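Here is my note on this model for your reading group. Keep the structure open beside you as you go through the points.

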Amino acid sequence: MAKTPTTLVGLELDPSGIHVAAVSTKSGLEITHALSVALEPGIVRDGEVADVEGLSAALRDLWRDEKDLDRRVRIGIANQKIVVRVLELPPISDPKELAQAVLFQAQDEIPMPLESAVLDHQVLDIVTTEAGPRQRVVLVAARRDMVDKVLAAVRGAGLRPEAIDLSAFGMVRALYGSALADGATETDPVLYLGVGGLTNLAVAEGTTCRFTRVVGGGLESIVAELAERRQLTLEHARGWLAHVGLETPLDTIEGESDLVSDTRLCLDEGVRRIASEVRNSLDFHQARADTVTLATRCVLTGPASAIPGFAPALGTELGLPVIVGSVRGAPSGLEPSVSVAAGLAVQEAVAA
């Protein structure tokens, strides 16, 4: 008798908070249980665990009252010290030989000592080049000490890490259905952006991620700027950003006029800054690519997507149509925060 498929839980670690989702795949990807809690500043800094004990305590608190939530987790990470490269190798059918070939080429592609790195790779497709057929392989490298801190924090909370994945890969798995629903084909390059504690970028064709990068501060950098400018707590600054947004005329928004104006200014500047960083990364990707891979549209997720007017304002700056991605079943108010976690809960994208 075949074993009943087990369900893992996706766990995204973001500087702004912990995002958790359990899913069902019976009729497409659907969230069955989701949680999202803010983290104290400094526990996760720039996508890296800075306070192992602090993160363990936050995870223990999160799971304490969730008796039905599985303790086996697939963890998503994103920071600027993770390196992703697309390699082109001669076609190799034997997995062991391919792994050796990837390891050999990694010495020239990875800007860190291999003995200090955790490596993984995923086979893509075979392409025809001037030198003949080539096997494309995605190579991912992360610093071992960074990964060890993640594992220590998760295990310290009594959880069982089943895998560590890139949050960008989970984002694509969760939201490529939104791109298809918006009219994209399986071969159209789509830009995915997760804007929360940082800005996580991925360019994918269908479910195949061609490029990913963490491009700097996200919504939380806007929160911090407003908090400093107006001497607010971070919680109050987040509330003002959501209250003011980017749609409603300023003279119709309730609140102190100077505070409302400063909030709008921080949002305007933040959107322009994020868009500039994204464009620079896309230009870098395009310069390295041997084919034209200009994105046809953008799928946005993360807490920033819940701010009124953020998506269209970002689209104007990027020169791309921007839609807010969604995953069925998320509790009201949590959907923008837990989409990536839902994608991390599965190893492959699930057709709708």
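**Notes on strands, cores and a cavity**

1. Leu13 stands opposite Ile18 in E2. The two strands involved, E1 and E2 (residues 17-24), pair in the antiparallel sense over six bridges. Two strands count as paired if DSSP finds at least two bridges between them. E1 and E2 form a hairpin, with two residues between them. Strands (E, at least two residues) and helices (H or I, at least four) are DSSP runs, numbered from the N terminus.

2. A word on the source. This is a predicted model: local features need pLDDT of at least 70, side-chain atom pairs count only at pLDDT 80 or more, and totals for chains, interfaces and linings use all residues. Residues are numbered from 1 along each chain as its sequence is written, and side-chain values use heavy atoms, with hydrogens and water left out.

3. E1 also pairs with strand E6 (residues 72-77), in the parallel sense over four bridges. There, Gly10 has Arg74 as its bridge partner in E6.

4. Is E1 buried or exposed? Six of its six residues are buried, so E1 is largely enclosed by the rest of the structure. Buried means under 20% relative accessible area, exposed over 50%, and partly exposed in between (1.4 Å probe, protein chains only). Val9, Leu11 and Leu13 point one way from E1, while Gly10, Glu12 and Asp14 point the other way.

5. The largest nonpolar core has 63 residues; Leu11, Ile18, Val20, Leu55, Leu59, Trp63 and Tyr192 touch the most other members. Helix H4 (residues 167-181) gives the largest share of this core, eight residues. Such a core is a set of buried Ala, Val, Leu, Ile, Met, Phe, Trp, Tyr and Cys residues joined through side-chain atoms within 4.5 Å. Apart from this core lies another, of 32 residues, among them Leu201 and Val203.

6. An open sheet of five strands has the order E13-E12-E11-E14-E15, with mixed pairing. E13 (208-217) and E15 (322-324) stand at the edges with a single partner strand each, so one side of each is left without a neighbour in the sheet. Within this sheet, Val203 stands opposite Phe211 in E13.

7. Helix H9 (residues 335-344) is mostly covered, with 10 of its 10 residues buried.

8. The largest cavity has a volume of about 160 Å³. A cavity is a set of points, on a 1 Å grid over the protein atoms alone, where a 1.4 Å probe fits but cannot get out; lining residues have an atom within 4 Å of a point. The volume is the space filled by probe spheres set on the points. Of the 21 lining residues, Glu12, Asp14, Gly194, Gly196 and Val340 are the closest to the centre.

Technical notes. 1 Å grid on protein atoms, 1.4 Å probe; cavity = no way out; pocket = protein on both sides within 12 Å on 5 of 7 lines; lining within 4 Å.
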